[in-house]
Amino acid sequence: MRTIKIFLLILPLVGILSCERETPQRSSYILWYNSPANEWNEALPVGNGRLGAMVFGNTSTERIQVNEESLWGGSKIDNNNPKALEYLPEIREKILDGQIPEAKELADKYLSGTPGKLRSYQVLGDIFIQYSDTLKEITQYRRELNLGTGIAKVTFKRGENTIDYEVFSSAPDDVMVIKMKSDKPGGIDMNISMTRERDAKIRVVDNSLEMTGQVIDEEYPELGSGGEHMKFYARLLPVKYNGTIFSEGNKLVFSGGTEVILFFNAATDYNIDSLNFDRFIDPEKKCNNALAKARMKSYDILHRTHVAEHTELFHRVDFKLTAVDSLNTMPTDERLERFQSGKDDPGLISTYFQFGRYLLMSCSRRPAQLPSNLQGIWNKDWWAPWGSDYHVNINIQMNYWPAEVCNLSETVEPLIDFMEGITVPGAVTAREMYGAEGWTMHHTTDVFGKTAIIDGVYWGMFPLGGAWMTFPLWRHFEFTNDTNYLRERAYPILKGSAEFIQSFLVEDDQGYLITVPSYSPENSYVDPVSGKEFKLTYAPTMDIQIIREVLTNTQKAAKILHVDQVFTEQLQLILDNLPPVRIGADGTIMEWIKEYEEFEPGHRHMSHLLGLHPGTQITSDNQELMEAALITLSKRLEHGGGHTGWSRAWIINFYARLSDGEEAYKHLRLLLEKSTLPNLFDTHPPFQIDGNFGGTAGIAEMLLQSQNGVIQILPALPEAWANGSISGLKASGNFEVSIEWENGVLKRLEIQSLDGFPATIEYGWKKIETETEKGQILMFDKDLKRI
C-alpha cells in the first residue's frame, strides 16, 4: 500500500466558519454578450467531445459553424525514412564529434519522414439560418453560454416579437440540438441551409438537409499521396415544428409557426482502430442511427438528460474568490476589457478557470474517440494553424494538465485510447529508424498515427515525444489508484517507452548514457565551431528529465503490479548513469549538454524546466536546483519569454511549483490581458486551446499540489485572493479536497478519502499524518483539529 503525505502549517486562530457545500449558482459561470459575434473568435463553443459548434447569435442570418473530431485530410501511410537505420551511426558520430553542419545535412536527407509533412484537421461546414424579417428594430439582445449546463442561448426582440433559441451538443444522445421559438407566429420564418465549400454535396432528403462528401486531397509529394480519402456525412433534421416546412432548392423553408426543433449529427468513416487496421465505418449509418434513437425521445427528455450528465461533471468543482460576483451584470467582453486595463475581477478569474474545465469536457469526453487537438475540436479552416494536429513537444500534454486535479478523469479516456493505438506504428518507427525496441513518436502526429519525423529535422528531431506522452497516463493512475487500468492499459505503454529508451541510449566518452540525435524542443543554440544556429544535438536536459520520469514511473508501476523485477533493475542502472542536470556559469539550468550560447534567450519553450513542471525532480529537497530554476525563468522573461498563450500558461505553473503566488498571479493576469480572446479562447496567436488548459491547471496548482505523493494546501496563494474557497479538486492517491481560506490563511479543510489510503497533509511548514478509511470525510479547522 502506498502512503500519501500531507503537511499542514498551524497558524494563529482566526475563527471557524462553516464550509458546507453549496450548489453552484448558474449565474456564476456564464459568458454573456449584448451583441452578436462579428467574427469567429467571438462565437461561443459547444461540444459533446466529438461534435462541436460555434454559435454566432446573428439576428439576420445566424451562423452555426460545425466540426466533427475526426475529419482530416490525408490517409494512413508509412512515413519512416527507409535509409534512417543505415545512416544513424554516421549521424551520431558526427554529432558527438561536433560536426553539426555535416550531421544536419545527413539527418535532413536520411532521418526526415518520407513524406515529411501532415495534412490538416478540417472544418465540417456551416449551418445558416436566414430570417425572413430583418427590418424591424432589434432590442433586448443577449447571447450567452452557460458553462454549468453546456447550453448556448440567444434571446432578442424583433419589434414586438421575442425570439430565443438554444444550442447544445448532447454526449448521452450524441446529437446536437437546436431549439428556436418566438412568442408570435412568423417571428422565426426562415430559410435553413448547410454549406461546405468543397468535397461535398448537399441536398434535401425527406424534408431534411443531407451532406455527403469525401475529402479529395491534392497531390503534394511532401504531404503524401492525393486522391479520394476520408468519407463523411452530416444531416440536419427538423423533428418538431408547428408551422410548415418545405424545400426550395437545397434549402428548407420554415414559415407560419412559433417553434422548431432541429437535430444535427455528423460522422466520418474514421475509426480509432484505423490507426493500425483498415477498419472503417459507414458514416451515414452511424449518423442516422444516433438521430433515429434521439428522435424517439421528447425534447424535454433530451434536454434533461444532457443537463444531468453535463452538470454532474461540471459541478464537481466550485471555485469562489468573492462571496458575490458583483460584476456578473457586465457582459463578458466588457469585463475582459476592464480586466485588461488593470482592474481586479475575482469573478472573471473563477469563470476563466471553469471555462477551461468546460472546454476539456466539451472536446474530450465520450462519445469522443480522439484526444483534444491544438484547437480542441473547434476549427473554421480547411487548413488550420499548425494543421490543428497533435503536437507532443508540450501542447497536447498541456491539454490534459487540468484533467485529474480538476476532477475530470473521464476526459483522459480518448487520450488513453489514442496512445494505445499509436504504440503500434510507433514500434515500427523505433525498429526501422533506430533499431530499437519498444515504441516512439516524434514532435507531432495526426489521426492516422504517423510517428516518424515530421517537418524535417529542424522542427521534428524529438525521439522522446512519445515518452513525454506517458506522463498523463501515469498521472491518471496516481489519481485513480485503478490497478486494473495500470495493468491492462498504462503499464504496457510505459514499459514500451522504457524499452525504447533503454535501446536508444548510447554511451558517450565520459561514460554517460545519452540520447543522440535529439533536440530541445524548437529552441536553437549557436554552434561554437561554425557560428551558425542549430537545433540538432545530443542529451539535451529535457531528454534526461523525461527519461528520469518515465523510468521511475515504470519502476513504480512494476512494483505495484509485482512484475518485471529484472527489467526494473536494468532501468536503475540506466538512471544511475544518466548525465546530471547541470547549472551554468550564469546560474541557470543548462538547456543543452554543453554551455552553448543561446540563439533566442527569450524562446517560448522552456524545456529544461520540465523537471520543475510537469515533472517532479526539481523540488524543495534540492534548493540549488530550485534557485537555478528561478534564475532560468527570470532570464527567459527578461528576454521576452512567455509571449505566446501556452507559454505564459506554463509560466503560471512554474511559479506555482516555486511557491511564488505573486508571480504566478502576475502571469495569470498577463495570460488574460495579452493572450485571451473575447470569447475567452486562448490565442497563440491565433487561437490555440492549450493555453486555456494550462491556465486552468495553473490556477489549480496555486491552490493544491500533490506531486511526489505529497498534498500541499494553498502552496502559492497570492495576496489578491485573500478570501475564497474551492471544492472538489482531486489529489493523487484518490483524495477529493475542498479548501476555504480567509485573510490569506487556511480556515477549513475537507478531505474525502475515496480509497482509504493513509494520508499526510502539508500547509506551510506543518505536517499532519492520518489514517483514513474508504469513503471517509475528514474535516479540519485551521489548527488541524478534527471537526
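Throughout these legends, Ala, Val, Leu, Ile, Met, Phe, Trp, Tyr, Cys and Pro count as nonpolar, Asp, Glu, Lys and Arg as charged, and the others, Gly among them, as polar. The model is predicted, so to speak of a local feature we ask for pLDDT of at least 70, and of a side-chain atom pair 80 or more, while totals for chains, interfaces and linings use all residues. Residues are numbered from 1 along each chain as its sequence is written, and side-chain values use heavy atoms, leaving out hydrogens and water.

**View 1. The second largest cavity and its lining.** A cavity is a set of points on a 1 Å grid over the protein atoms alone where a 1.4 Å probe fits but cannot get out, and lining residues have an atom within 4 Å of a point. This one has a volume of about 70 Å³, the space filled by probe spheres set on points joined across faces, edges and corners. Its lining, which includes P579, P580, R582 and W592, divides into eight nonpolar residues, one polar and one charged.

**View 2. The largest cavity, with about 400 Å³ of space.** Of its 29 lining residues, look for F471, R475, E478, P614 and T616 nearest the centre. Helix α12 gives the most to this lining, six residues; helices here are DSSP runs (H or I, at least four residues) and strands are E runs of at least two, numbered from the N terminus. By class, the lining holds 12 nonpolar, 10 polar and seven charged residues.

**View 3. The largest pocket, with a volume of about 1,000 Å³.** A pocket, unlike a cavity, is an open set of points with protein on both sides within 12 Å along at least five of seven lines. S620, S659, Q712, E762 and G764 lie nearest the centre, among 39 lining residues. Two or more residues come from each of α16, α17, β27, β31 and β32, and α16 has the largest share, with four.

**View 4. D417 in helix α9.** D417 counts as buried because its relative accessibility is 18%. Setting aside residues up to four places away in sequence, D417 touches I272, R366 and R489 (heavy atoms within 4.5 Å).

Definitions and conventions. Buried means under 20% relative accessible area, exposed over 50%, partly exposed in between (1.4 Å probe, protein chains only).
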